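Student: I am new to this structure, and I would like to learn how its features are read. Could we go through them together, one at a time?

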Amino acid sequence: MFRSFAFLPLLALSATAVAETTPAARNAALNAPLPADQAAMKAHVMFLASDAMKGRDVGSPEFDIAAQYVAAQFYAAGLKPMGDEGGYLQKVPLTGYKIAGEGSASWTGAGGAAVSLAFGKDFTPAANPAAKATALTAPVVFVGYGLEAPQYGLDDYAGVDVRGKIVAYVGGAPAGLPSEVSATFGSAAARQSAAAKHGAVGVIAIADLRKAGRGAPSFASVTKGYAAERITWARADGTGSASGAPLLGTLSPAGAAKVFGRAWPALARGAARKTLKVRPTTAAGTLSIASATNFRAIPSSNVVGMIPGSDPALGKETVVLSAHLDHVGVGAAVNGDTIYNGALDDGIGIASLIEAAKRFKTATAPKRSIIFLAVTAEEKGLVGSDYFANHPTVPIGDIVADVNLDMPILTYRFEDMVAFGGDRSTLGPIIARAVAGIGVGLSPDPMPEQAIFVRSDHYRFVQKGVPSVFLWPGEKGPGKAAIETFMSNCYHKPCDDLTQPILWDQGVRFVDANYRIAREIADAPQRPVWNKGDYFGLLFDGPMAP
């Protein structure tokens, strides 16, 4: 891979080559002079991805320092503060939550005798982010996937009454669906939302009936990680934000057999088929579950600045440019290094955000307002962006688009770009013109199986009905090898630091492309809308729904 960069100056040596030089030679390479626009980008990453920042994990003093750094840069760029109390920081009350102990579960059949469900063998409980204590007794209804998508012929709740009951489902999603749709279905949140809509009081997953993978973890893996802390944002009472019916836990096939009795063999066979075919079945008895959840406050912040729009009518509408400030902190040593610096993920996205703000401020004022948003806790499940989408500092109905800057891999001269989600709305032609303006074309998603459109901060805006896009350098020329090298060797590892062969001129090109997109959105006479019939435009209610 690195042979293709042999012609580059010492600054662009590979991580391995730089690491093998003397400290003096390494510093000379890392501190080599650059043109001012490239040097500005690099300077931000030098600070944010330095060892002193210890990987910018949420809840750490170093993350708070990084947030103050971004706030200072927004001030220097002349942005209007759009956080709390007249400042740039929006306080985000994160909370860590995890289950306390093993809880208890039992099944009482029609005969009236209660049968305990053994922890880690029959049933493993789940932490409830919305309650310190959970105690529930109710009938159980098996509803297959537990999904509703009439446009894809899925309606697992047709003809079944689950009001006041617990819904049991198998993970995963039907074959043949678009990957982004499948990933949306693959989450427990999709089942919880559908269950609550139909009046269910809780949901349980049944593991090991289908191939393990995204949305269908094995029972062993669920049990192994059941006590891990998870993070969401807190409500006023200190418990966590949650929607839908609570996920109560996971049944093994053995546990499901105890609950469904004689009906279970047929249900298991139907659920294991390539095309799941089962009829909703209500077990003859009631399931009792009790558990407790512990909470830990983790104060954090988003950083928010604005360039007000100049148009009397359009100025109240807003285009958001977003990037995440956090990374994964300090972890297991790799080659003696324990600091997961996060230079490309997403130090360079934050640097791009700051430099885009400077471009907007020195150019003619945009007609619509532009918000520059650096979010916390992306690595914990898009939590900071979720908080902002639910507590926006401008009305959510006035946000017309989000342009997300997350982990551009800039270790090669990119010859094309990929716009995740660009084909779902009228943003598509805008993006095509923007990338043409920097001399490249658009390529289709090269990794559709990864469902990247639903895996970064822009998706929280999509869930509010806002057309959004996530732009990445593409795979043409040296791109495929460069992306594979980073993802295999340095993604979420300590070597995601300044020893990588980052090409800062490509960072400037990346900023230029995203600036052009945001600029055209801001100045267009019409706000973006979802394409007619688009799945995500129909899935989430919002002002730009088709």
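**Rings, cores and helices**

Tutor: Let us begin with two residues, F260 and W264, both of which are buried, where buried means under 20% relative accessible area, exposed over 50% and partly exposed in between, with a 1.4 Å probe and protein chains only. This is a predicted model, in which local features need pLDDT of at least 70 and side-chain atom pairs count only at pLDDT 80 or more, while totals for chains, interfaces and linings use all residues. Residues are numbered from 1 along each chain as its sequence is written, and side-chain values use heavy atoms, with hydrogens and water left out.

Student: How are the rings of F260 and W264 arranged, and why is the pair called stacked?

Tutor: Rings of Phe, Tyr and Trp (its six-membered ring) pair if their centres lie within 6.5 Å; planes under 30 degrees apart count as stacked, over 60 as edge-to-face and the rest as tilted. For F260 and W264 the centres are 6.1 Å apart and the planes are at 25°, so this pair is stacked. The rings of F360 and Y515, by contrast, have centres 4.5 Å apart and planes at 55°, so they are tilted.

Student: Where in the chain do F360 and Y515 lie?

Tutor: Helices (H or I, at least four residues) and strands (E, at least two) are DSSP runs, numbered from the N terminus. F360 belongs to helix α10 (residues 343-362) and Y515 to helix α15 (residues 504-523), so to speak of this pair is to speak of a link between distant parts of the chain, 155 residues apart. Both F360 and Y515 are buried.

Student: Which residues touch the most other members of the largest nonpolar core?

Tutor: A nonpolar core is a set of buried Ala, Val, Leu, Ile, Met, Phe, Trp, Tyr and Cys residues joined through side-chain atoms within 4.5 Å. The largest has 77 residues, and F74, L321, F372, M417 and I521 touch the most other members. A second, separate core of 30 residues includes A105, L136, I166 and L251.

Student: At what angle do the axes of α3 and α15 cross?

Tutor: Axes are lines fitted to C-alpha atoms, for helices over the stretch in contact, and angles run from 0 to 180 degrees between N-to-C directions. The axes of helix α3 (residues 36-48) and α15 come within 8 Å and cross at roughly 95°. The two helices are therefore roughly perpendicular, given that 65 to 115 degrees counts as roughly perpendicular, under 35 as roughly parallel, over 145 as roughly antiparallel and the rest as oblique.
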